[in-house]
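Take a walk through this structure with the model open beside you.

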Amino acid sequence: MTSAWDYHNRTSYDRRDMKGGYLDWSSQPGVFKSYPGRSPAPLPRDTLLTTESVQSILAVGNCESDASPINLNRLGKILYLTHTLTAKARVSGGDFYYRSVASAGALYPFELYVAALTVADLKAGIYHHDILNNGLTLLRNGISATELIQGLGFSRDNLPAVVFFLTAIIFRSSWKYRDRAYRYLLLDTGHMAENLSLALRSERLRFRVFYDFEDQAVNDLLAIDSNREVCLAAVCVWAGDGVLKDGPGLEPSQPDLSAYSKVSDGERDYPIIREIHAASSYVPKNNNQRPPFRSQFGLAVDSWKELPDTLEPPDILSYPEAVQKRRSMRNYISREMPEQRFSALLRGVCSDIHLTVIMESSIPDCIGIGLLIGNIVGWTPGFYLLDRTRRAIGLVREGFMMDEMAHVCLDQAWLANCSVHIVFLADFNEMEETGGARFYRHAMMNAGRLGQRIYLLATSMRIGCCGIGAFYDAEAAMLLGLTGRNRMLYLVGAGVVKKWAIWNDRL
Ligand SMILES: Cc1cc2nc3c(=O)[nH]c(=O)nc-3n(C[C@H](O)[C@H](O)[C@H](O)COP(=O)(O)O)c2cc1C
């Protein structure tokens, strides 16, 4: 198997061929990575957080960038806003912790590492973010510009102050989702990348999200076992004078460190996951010069309508509150979503498409966004496409399809009561011709990034939201009218939920 299309197709769910959901609890993977014998240095806790809204953070532009140096306090804030524990539940085996990042099946495959080059009050080195203890575990002392440059490919005179590396531990997801797990590793990592991206925006830092690097060089840098744990994204942050003081260089990696990528004694290998990861490890050249994606996914749009220019909804939660309160909601009630909230949600989704050059962090256009509208004030139910560049919505087909989509999503009946299903689409022909299988990673992580953003925007307006990765793939394509190699990658449902109904009635 060499193509992303092959992988995606072979891991499609088919109603007539579902192989039971048996879970081997004796091999349940651990969800917190630790390095016995190395204690994490605590991160500052009581830092002052912004009171801005998610919407205003998404609108931050270049002129506002703040190049003042990063210190431990600022780094702590960024890490808190990226990945933190948000709730605790008692389960039979002990305590279970929910997190600020959504994750398919609450399996939390992702890990976060920090390469600190020039951070005040923190010695240069490579650290693991220990979310359970809110600390940084030093893995390797010192830092070598050469090793970083080798892995990420930027020049010595433009060195970042910090690089964040986002990895995923394969068995954490494949334990439950088996062959299909690679999809969730990418989507979940995208969710985390967006939290990090928003945290950096809120600090007005200049940054760039990389999906393209030499896999093995980066995995070696992080001292992870690349058969078990793989780096999927790197986020470089520029601040301070960008001059790397010549230090002692990076201490050699200790062989025992890679052993901590193991999460269960009963780990199983899924060859198809190894194959798609290997197939997508080739990085196409001249990625930055590719023409914009043009695909309309084989869909004909009847008429376009610009998104209404509504005011920011009143009483919205601040961005840090939204991060803390974000949860997946499933108790939707059949009530119309006010247009103001709908429009604010979509404006947030479109917001940074114009900021490509500015923050170097815009989510590129290798995916499409569709909207199944069911219950929004002023909008006829139907299937629409969203044009992020023009901030316009185009009608593809009228009709109420929320029940049918709920049926397609493994009969998760509650989805029918959502006001809107936001669907992420890919044209596998165009995707693979342009960027090979590597662009599958881009597409899925971008879908995850926008998914997390929708969660936060929705939460801030007290709208319910839930990501959906479980659906019968061919049925989803058929319902949306996608032909050939066009497919739905991911769905995010949003709507009025019982606990927040009163907030939506007020408008
Ligand atoms: C990629 C992805 C796929 C998901 N798929 C589903 C799904 O099919 N059905 C569902 O009820 N929840 C789904 N979820 C929601 C997760 O179950 C939820 O994020 C997880 O249980 C953690 O709970 P929380 O989001 O409330 O913190 C998905 C989440 C993600 C990120």
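Buried means under 20% relative accessible area, exposed means over 50%, and partly exposed lies in between (1.4 Å probe, protein chains only). This is a predicted model, in which local features need pLDDT of at least 70, side-chain atom pairs count only at pLDDT 80 or more, and totals for chains, interfaces and linings use all residues. Residues are numbered from 1 along each chain as its sequence is written, and side-chain values use heavy atoms, with hydrogens and water left out.

Start at asparagine 219. Asparagine 219 is buried, at a relative accessible area of 2%. Its place is helix α7, residues 215-221. Helices here are DSSP runs (H or I, at least four residues), strands are runs of E (at least two), and both are numbered from the N terminus. What does asparagine 219 touch, leaving aside residues up to four places away in sequence? The answer is Ile224, Ser226, Val230 and Cys231, where contact means heavy atoms within 4.5 Å. A polar atom of the asparagine 219 side chain lies 3.0 Å from the backbone nitrogen of cysteine 231.

Now turn to the charged pairs. A salt bridge is a side-chain nitrogen of Lys or Arg within 4 Å of a carboxyl oxygen of Asp or Glu. By this rule the count is 24. One of them joins glutamate 52 to arginine 204, with the closest N and O atoms 2.7 Å apart. These partners sit 152 residues apart: glutamate 52 is in the loop between β1 (41-42) and α2 (54-58), and arginine 204 is in the loop between α6 (181-202) and β10 (206-210). Glutamate 52 is partly exposed at 22%, whereas arginine 204 is buried at 16%.

Glutamate 194 and arginine 449 form another salt bridge, 2.9 Å from N to O. Glutamate 194 lies in helix α6 and arginine 449 in helix α14 (residues 438-460), so the pair ties together parts 255 residues apart in sequence. Glutamate 194 is buried at 1%. Arginine 449 is buried too, at 2%.

Helix α7 comes back with the next pair. Arginine 438 bridges to aspartate 215, with the closest N and O atoms 3.1 Å apart. Arginine 438 is in helix α14 and aspartate 215 in helix α7, 223 residues apart. Arginine 438 is buried at 0%, and aspartate 215 is buried at 9%. Salt bridges with shared partners join Asp212, Asp215, Arg438 and Arg441 into one network.

What about the cysteines? A disulfide is a covalent bond between the sulfur atoms of two cysteines. The cut-off is a pair of cysteine sulfur atoms within 2.5 Å. A search of the whole structure finds zero disulfides. For cysteine 236, the nearest cysteine sulfur is that of cysteine 231, 10 Å away. Cysteine 236 is buried, at 0%.

The walk ends at the ligand. Of the 24 residues around the ligand, Arg326, Arg327, Ser328, Arg330 and Gln412 come nearest; a residue counts as near if one of its heavy atoms lies within 4 Å. An oxygen atom of the ligand is 2.8 Å from an N or O atom in the arginine 326 side chain. For the serine 328 side chain, the distance from an N or O atom to a ligand oxygen is 2.6 Å. A nitrogen atom of the ligand is 3.0 Å from a polar backbone atom of glycine 467. β4 (94-99), α6 and β17 (464-468) each supply at least two residues of the shell around the ligand.

Note on methods:
A polar contact is a pair of N or O atoms within 3.5 Å; within protein, one must be able to donate a hydrogen and the other to accept it, and residues adjacent in sequence count only if both atoms are side-chain atoms.
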